[in-house]
Amino acid sequence: TNIGFDSTALLFTSDHGEEFFDHGDLGHRPKPYDELIHVPLLAYSEAFESTTVHQTVSHVDLGPTVTDLLEGTNAENWRGQSLLPLLEPSPESEWDSHEYVLSELSHTSGYGGNINPNKAIISIITNDWKYIHNEQIDSRELYPRDAAEIEAYECAEEESIVEELRKIATDRLAEISKKEVDKGEISEDLREQLHQLGYIDE
């Protein structure tokens, strides 16, 4: 069947990746390492040029992008920005590169849960560095973006960079409010599905 896409835009991405013992586990445990958070983002439209975008972008940019495609207006509290200037480059295109991209979680396992700043793990990604601020085990990790996340830099050796990224993380922590989440009861079938997907242990 010939399906026409002349007035259609497609965005394809994933909510997370999978770890294959890169950092000690199999599946998608709550960790902000690249194998889990550096996911594909593919965009198609007749109007888009065939290109590879090297700028650091984020899922928070998807909402503004869809709104822009539909010629709508973004909500004032959205943190992202439209990716159309990157997908439809022209002399008039302007795209302000993110100073950093943030990834965060506040649970230890399972399929989410209570929001607790004391359990937060936040990663700050810039063009040159990735900083992981882990409240769960009180650790700080720093990696250059052009190297594998195997051995963290000694934070003391890059004190000025760590301090700058640490402030971003602590400012974000200050914005997070503790919240109890009622997951409700789930059926045995759903529990088994979540177990097979790696969201719960039993």
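Reader: Which residue with a positive phi follows α2?

Author: E71 does, and its phi is near 60°. Helices (DSSP runs of H or I, at least four residues) and strands (runs of E, at least two) are numbered from the N terminus. This is a predicted model, in which local features need pLDDT of at least 70 and side-chain atom pairs count only at pLDDT 80 or more, while totals for chains, interfaces and linings use all residues. Residues are numbered from 1 along each chain as its sequence is written, and side-chain values use heavy atoms, with hydrogens and water left out.

Reader: How many helices and strands does the protein chain come to?

Author: The count is five helices and eight strands. From the N terminus on, the order is β-β-β-α-β-α-α-β-β-β-β-α-α.

Reader: Which residues of α2 are buried, and what covers them?

Author: L62, P64, T65 and T67 are buried in α2. Buried means a relative accessible area under 20%, exposed means over 50%, and partly exposed lies in between (1.4 Å probe, protein chains only). The cover over these α2 residues includes β1 (10-13), β4 (41-44) and α3. Of the 202 residues of the protein chain, 33% count as buried.

Reader: Why does S82 count as buried?

Author: Its relative accessibility is 11%, and the limit is under 20%, so S82 counts as buried. S82 is in the loop between α2 (62-69) and α3 (84-87).

Reader: R79 is in the loop between α2 and α3. Is R79 buried or exposed?

Author: R79 has a relative accessible area of 56%, so it is exposed. Not counting residues up to four places away in sequence, R79 touches V60 and L102.

Reader: Why is the pair of Y33 and Y143 called edge-to-face?

Author: Rings of Phe, Tyr and Trp (its six-membered ring) pair if their centres lie within 6.5 Å; planes under 30 degrees apart are stacked, over 60 edge-to-face, and the rest tilted. The centres of Y33 and Y143 are 6.5 Å apart and the planes stand at 80°, so the pair is edge-to-face. The structure holds one aromatic pair. Y33 lies in the loop between β3 (26-27) and α1 (34-37), and Y143, 110 residues away, lies in strand β8 (residues 139-144). Y33 counts as buried at 12% relative accessibility, as does Y143 at 3%.

Reader: Why is β8 described as largely enclosed by the rest of the structure?

Author: Five of its six residues are buried, so the description applies.

Reader: How do you know that β7 and β8 pair?

Author: Two strands pair if DSSP finds at least two bridges between them. β7 and β8 have six bridges in the antiparallel sense, so they pair. In their hairpin, with four residues between the strands, D138 takes a positive phi near 55°.

Reader: What is the order of the open sheet of four strands?

Author: The order is β5-β6-β7-β8, with antiparallel pairing. β5 (101-105) and β8 are the edge strands, each pairing on one side only. Helix α4 (residues 159-175) packs on the sheet, touching β5, β6, β7 (129-134) and β8, and its direction makes about 50° with that of β7. For such angles, axes are lines fitted to C-alpha atoms, for helices over the stretch in contact, and values run from 0 to 180 degrees between N-to-C directions.

Reader: Which residues have the most contacts inside the largest nonpolar core?

Author: They are I122, I124, Y131, L142 and L165, in a core of 14 residues. A nonpolar core is a set of buried Ala, Val, Leu, Ile, Met, Phe, Trp, Tyr and Cys residues joined through side-chain atoms within 4.5 Å. α4 gives the most to this core, with six residues. A second, separate core of six residues includes F48, L83, L87 and W95.

Definitions and conventions: Contact = heavy atoms within 4.5 Å.
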